[in-house]
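Trainee: Could you walk me through the aromatic rings in this model? I'd like to take it step by step.

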Amino acid sequence: VQLQASGGGLVQAGGSLRLSCAASGRTFGPYTTGWFRQAPGKEREFVSAISSGGTSYYADSVKGRFTISRDNAKNTVYLQMNSLNPEDTAVYYCALGLPLDATTPTSYNYWGQGTLVTVSS
């Protein structure tokens, strides 16, 4: 399976971006899709995830600002990011798997290449 993350870019603080994660070779169907991010010099951290049943999970730092959704017909998961701030600057990765814990990166089997989000102050 291949995951293609896109939608990153440069945005001013307070702005919005929508990231997309498209899968090929396998449908999202039974899998959980997660978004993680990694800022320079920091470890990869959980951002959000959505299960096959549509249950969504969010890191405390993005609750109320980010929304995850999935379009099974397009085999794509989206991350709508609003009220962005400079602390959101990172490379964002999408991942696919059947994790026991949706917040743990090592629980995912497949990873996209990442898309850079830069938020200027």
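Trainee: How many aromatic pairs does the structure hold?

Mentor: The structure holds five aromatic pairs, where rings of Phe, Tyr and Trp (its six-membered ring) pair if their centres lie within 6.5 Å, and planes under 30 degrees apart count as stacked, over 60 as edge-to-face and the rest as tilted. This is a predicted model, in which local features need pLDDT of at least 70, side-chain atom pairs count only at pLDDT 80 or more, and totals for chains, interfaces and linings use all residues. Residues are numbered from 1 along each chain as its sequence is written, and side-chain values use heavy atoms, with hydrogens and water left out.

Trainee: Why is the pair of Phe36 and Phe46 edge-to-face?

Mentor: The ring centres of Phe36 and Phe46 are 5.7 Å apart and the planes are at 70 degrees, so the pair is edge-to-face. Phe36 lies in strand E4 (residues 32–38) and Phe46 in strand E5 (residues 45–50), so the pair ties together parts that are 10 residues apart in sequence; strands (E, at least two residues) are DSSP runs, numbered from the N terminus.

Trainee: And are Phe36 and Phe46 buried or exposed?

Mentor: Both are buried, meaning under 20% relative accessible area, with exposed over 50% and partly exposed in between (1.4 Å probe, protein chains only).

Trainee: Which residues do ring pairs link into a cluster?

Mentor: The cluster consists of Phe36, Phe46, Tyr93, Tyr108 and Trp111.

Trainee: New topic: where is Ser20 found?

Mentor: Ser20 belongs to strand E3 (residues 17–24), and Ser20 is buried, with a relative accessible area of 17%.

Note on methods: Helix = DSSP H or I, 4+ residues; strand = E, 2+ residues; numbered from the N terminus.
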